[in-house]
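Let's take a friendly walk through a protein model together. Have the sequence and the 3D view ready, and follow along as the residues come up.

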Amino acid sequence: MIVNVEYRFHGVGQGLFTSGTVCACASMLQFRWVYDCGTSSKPKFLNDQIDNLARHDTGVRDLLFISHFDKDHVSGVTRLIKRVGVRAVVLPYMPLWRRLLIAFDEGLSADDELLGFYRNPAAYLSDLEQGPARIIFVGQEVGEGGEPGPVGEPPAGPVLEVSEGLEGVRDPDPVKADVDPSFESTVGDMRKDLEAMKRSARAEVELLRCGGGLYALGLWEFIPYNDPCAAPRQEKFEKFIEEVTKASDVLIAGESTKTGMDPVKALERIYDSNIGYKNRNKGSLFVYAGPLGAPEVAYRQDLIGSLNRHLAWPLVYLAPGRCGLLLTGDGDLSDDHAFDLLRRHMGPCRMGRIDVLQVMHHGSKKSSRPGRAAQMRPSMSVFCANPDDGRYNHPDAEVVRDFLRYGPTLVDQHQSLWLNYTMD
């Protein structure tokens, strides 16, 4: 079966907006997805890219992945949903106190309309025009021994019956996911939070099973991973939850603490004492995308340029199955233990299939370390950043040097990147 796949990294400046399409050529059925949609640069960069996507790739997006809740990753999500529509949203589960901390760190006030997204993302998203019918949370993948278990090797072939798809009949719910709809695997505050969101949302609210995946057209898999390193240390967990719940209540009420301290600062202090300042940015949702089975023949053509002009690169012939993509958002892989957990979760087969890597945290030095590129060995490493923005200094020169042998490519406000695969 011939399959065409496209990955697009949209030029939005300092931010991230990635989209893709999987097409079964025999039936011309397509599966469309998006990973993050935001920028901290001029909104025009992002708006132009959303409008361009809506004009030239018409159709509702089947999946929208949100890596985390920082502005430069979510500022365009509302516009995207209203403009093109989304069938299902996948996002990392974060407790209320953490969502609120991010919201107030982003400068939102207690009466800001967007605060509703942070208070209850399920209700907010499902109430939007053309909002999702399904919202799937990904928990932090902690199993026995406090570490995530491996997903297992990719299936050798389609996990679904695709005969209907070959006849051109589109499944009304093309997203097949390993979900826990009743939250049986959760306890305590997480379960209460999820159940409350389920009661208030128009969409179906579900939780992806530990080690679970999502499947498109029986041909393609998406494996999310929510870094467990951001979880509080178990011995302090109960006290931690008690403290942050009180601080969260103060935040919602728009009040000050009894000592007069800014409630955001109070929440930060509690968070740092239990988790550590270094871990604040962890928790970004990683997503691996790749084929089910190993195509015998596959090649890629790259195009890079602006909305109106582009340059095509020669065809690149790939090893069987090596057409996977790893999206990292603002993930932190500077720690060897965190990197080992990610590899263990994905398994050696998927890690070996990564053709394109979205470099962690816009190429931040704090989220990588020398030698990490050689351990991942992508054919192409994509840096989504604005080097002219002095607030961040992304990408860091040390990280770029580490990836020099692995096709470093910059996507900024001036240029986007299109990757087109054909495989059989």
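Is D57 buried or exposed? At 9% relative accessibility, D57 counts as buried, where buried means under 20% relative accessible area, exposed means over 50%, and partly exposed lies in between (1.4 Å probe, protein chains only).

Before going further, a word on how to read the values. This is a predicted model, in which local features need pLDDT of at least 70 and side-chain atom pairs count only at pLDDT 80 or more, while totals for chains, interfaces and linings use all residues. Residues are numbered from 1 along each chain as its sequence is written, and side-chain values use heavy atoms, with hydrogens and water left out.

**The overall picture**

The protein chain has 424 residues, and 56% of them count as buried. Its secondary structure comes to 13 helices and 20 strands; helices (H or I, at least four residues) and strands (E, at least two) are DSSP runs, numbered from the N terminus. Contact means heavy atoms within 4.5 Å. Of the contacts in the protein chain with a separation of 6 or more, 77% are between residues 24 or more positions apart.

**Charged pairs**

Side chains of opposite charge can pair when their charged atoms come close. A salt bridge is a side-chain nitrogen of Lys or Arg within 4 Å of a carboxyl oxygen of Asp or Glu, and a search of the whole structure finds 21 of them. Here are some examples.

| Pair | N to O distance |
|---|---|
| R32 and D57 | 2.9 Å |
| K198 and E204 | 3.4 Å |
| E221 and R350 | 2.8 Å |

D57 pairs with R32. R32 lies in strand β3 (residues 29–39) and D57 in the loop between α1 (43–56) and β4 (63–65), so this pair ties together parts that are 25 residues apart in sequence. R32 counts as buried too, at 14% relative accessibility.

K198 and E204 give another picture: K198 is partly exposed, with a relative accessible area of 29%, and E204 is partly exposed at 35%.

E221 is buried at 0% relative accessibility, and R350 is buried at 2%. Salt bridges that share partners also join E6, R8, R32, D57 and R61 into one network.

**A kinked helix**

A kink of about 90 degrees lies at M346, shortly before the proline P348. The bend at a residue is the angle between axes fitted to the seven residues ending there and the seven starting there.

Among the buried residues of α11 are F339, L342, M346 and R350. The buried residues of this helix pack against β11 (220–226), β12 (285–291), β16 (324–327), β17 (354–358) and α12 (372–376).

**Nonpolar cores**

In soluble globular proteins, nonpolar side chains tend to be buried together. A nonpolar core is a set of buried Ala, Val, Leu, Ile, Met, Phe, Trp, Tyr and Cys residues joined through side-chain atoms within 4.5 Å. Of the 43 residues in the largest nonpolar core, F9, L63, W220 and F222 touch the most other members. A second, separate core of 42 residues includes C37, L64, L91 and L194.
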